[in-house]
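Me: Can you walk me through this one while I have it open? I'll ask as I go.

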Amino acid sequence: MKTKNFYILALFATLLLAGGVSYYASSSPDGLEKVAEDIGFIEQAKPNTNSEGFLADYGVKGLKNERLSVGAAGIMGVAATGAVSWGLFLLLRRKDAK
Amino acid sequence: MHIPDGFIDIPTSTAVAALAGAGVALSLKGARKTLDDKTAPLAGLTATFIFAVQMLNFPVAAGTSGHLLGGALAAVLVGPFTATLALTVVLLMQALLFADGGLTAIGLNVFNMSIIGVWVGYGTFCLVRKLFSNKKSIIPLAASIGALLSVPAAATGFVLQYAIGGTGTFSTTAVFTAMFGTHVLIGIGEAIITGLAVGAVMASRSDLVYGFKKENIKLEIRK
């Protein structure tokens with residue numbers, strides 16, 4: 001597969017997962033949260049500093065439609081993670097001798 | 001698996017953060033050696049893909065869910081040092097933007113997922129290839145086995161932190177038993193996703209896969 005096509009396809013899949021499929025993710029507590037509930041130390045958890053933030057808990061603040069809210073938050077997360085990681089790895093890379 | 005603020009006391013969180021910071025610093029050094037014009041974009045893609053898939057919680061048992069951690073996946077695709085950095089970027093984004101994982105717990109989370117998860121996953125991957133088969137076709141399976149073990153290993157990292165500085169008063173053995181059992185189940189999901197993702201990249205662009213081309217690089221150096 002051509003490099004360009006590989007990246008286009010992979011990024012498309014990534015956006016589809018974060019922007020669309022994420023709506024169908026299980027909302028049950030994750031492993032650590034469940035263990036903390038069952039054993040009893042869940043009360044020790046303090047709310048996150050950003051718990052009222054614009055994208056807190058993978059939803060856009062103020063967006064009522066659940067599907068749009070989580071999808072938009074996912075796409076923004078993909079954009080932010082992509083920008084930071086791509087930037088970091090491009091900076092770190094060995095420049096090929098020309 | 002993302003530890004919130006409050007589970008582990010501040011002295012322990014700070015000490016582990018220092019260790020995690022040292023691990024990230026070493027990884028910055030190691031990643032410089034492996035990243036080039038061809039692999040840097042794959043590293044960015046890997047971090048971004050892991051962020052997306054971490055949103056997809058799957059059910060594992062009654063009332064419990066889990067999601068990909070991605071340590072083994074990233075390590076096989078882009079090498080362990082770059083993988084640590086990729087996972088760290090994901091964890092920072094989650095804590096800073098999405099309130100997922102506490103800010104005082106960021107060092108704990110980096111230590112468990114970006115360091116333990118990556119190295120147990122990668123070490124197992126290398127061991128499986130060494131012990132059983134060096135064939136190209138075994139790479140997705142070896143990555144799966146690494147993924148399977150990486151999740152309970154990362155969970156054990158939490159248990160250690162709980163044993164040292166947990167704010168709860170419950171026995172470490174009880175926490176270990178519950179954490180280990182649940183995360184073996186989550187590890188099965190991790191193994192499936194990792195096997196499929198590594199398989200897809202091997203099928204389309206095996207030349208980009210660090211865990212596959214590593215030997216080829218060594219051969220080139222020798223001649």
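Me: How many residues of chain A are in contact with chain B, and how many of chain B with chain A?
Reply: In this predicted model, 50 residues of chain A are in contact with 58 residues of chain B, where contact requires C-beta atoms, placed from the backbone, to lie within 7 Å. On the side of chain A that touches chain B, α1 (3-19), α2 (31-39) and α3 (66-92) each supply at least two residues, and α3(A) gives the most, with 13 residues. Helices here are DSSP runs of H or I with at least four residues, strands are runs of E with at least two, and both are numbered from the N terminus.

Me: And the make-up of that side by class?
Reply: The side of chain A that touches chain B has 25 nonpolar, 17 polar and eight charged residues; Ala, Val, Leu, Ile, Met, Phe, Trp, Tyr, Cys and Pro count as nonpolar, Asp, Glu, Lys and Arg as charged, and the others, Gly among them, as polar.

Me: Numbering and confidence, before I go on?
Reply: Residues are numbered from 1 along each chain as its sequence is written, while chains are lettered from A and ligands numbered from 1 in the order in which they are written. Because the model is predicted, local features need pLDDT of at least 70 and side-chain atom pairs count only at pLDDT 80 or more, whereas totals for chains, interfaces and linings use all residues.

Me: Which residues of α1(A) are buried, and what covers them?
Reply: A:A10, A:T14, A:L17, A:A18 and A:G19 are buried in α1(A), and what covers the buried residues of this helix includes α3 of chain A together with α2 (40-54) of chain B. A residue is buried if 20 or more other C-beta atoms lie within 10 Å of its own, exposed if 12 or fewer, and partly exposed in between, with C-beta atoms placed from the backbone.

Me: What does chain A look like overall?
Reply: Chain A has three helices and zero strands, and its C-alpha trace spans about 60 × 30 × 25 Å along the principal axes. A compact globule of 98 residues would have a radius of gyration near 13 Å, but chain A has 18 Å; the radius is taken over C-alpha atoms, and the globule rule is 2.2 Å times the number of residues to the power 0.38. Buried residues make up 29% of the 98 residues in chain A.

Me: Then chain B: what are its radius of gyration and its buried share?
Reply: Chain B has a radius of gyration of 17 Å, which agrees with the value near 17 Å for a compact globule of 223 residues, and buried residues make up 61% of its 223 residues. Its secondary structure comes to eight helices and two strands, in the order α-α-β-β-α-α-α-α-α-α from the N terminus on.

Me: How do the two strands pair?
Reply: Strand β1 (residues 58-61) and strand β2 (residues 64-66) of chain B pair in the antiparallel sense over three bridges, pairing being assigned if DSSP finds at least two bridges between the strands. They form a hairpin with two residues between them, and B:G63 in the turn has a positive phi of about 70°.

Me: Is helix α3 of chain B buried or exposed?
Reply: Eight of the eight residues of α3 (residues 71-78) of chain B are buried, so this helix is largely enclosed by the rest of the structure. Just after α3(B), B:G79 takes a positive phi of about 95°.

Me: What does B:A74 touch?
Reply: Leaving aside neighbours within four places in sequence, B:A74 is in contact with B:T46, B:I50, B:A83, B:A86, B:L87 and B:V118. B:A74 is also among the residues with the most contacts inside the largest nonpolar core, which has 94 residues; such a core is a set of buried Ala, Val, Leu, Ile, Met, Phe, Trp, Tyr and Cys residues joined through C-beta atoms within 7 Å. Helix α6 (residues 139-165) of chain B gives the most to this core, with 14 residues.

Me: Which residues other than glycine have a positive phi?
Reply: Among them are A:Y58, with phi near 60°, and B:A99, with phi of about 55°. A:Y58 is in the loop between α2 and α3 of chain A, and B:A99 is in the loop between α4 (80-98) and α5 (106-131) of chain B. A:Y58 counts as buried because it has 22 C-beta neighbours inside 10 Å, and B:A99 counts as buried with 22 such neighbours.

How values were computed
Two residues are in contact if their C-beta atoms, placed from the backbone, lie within 7 Å.
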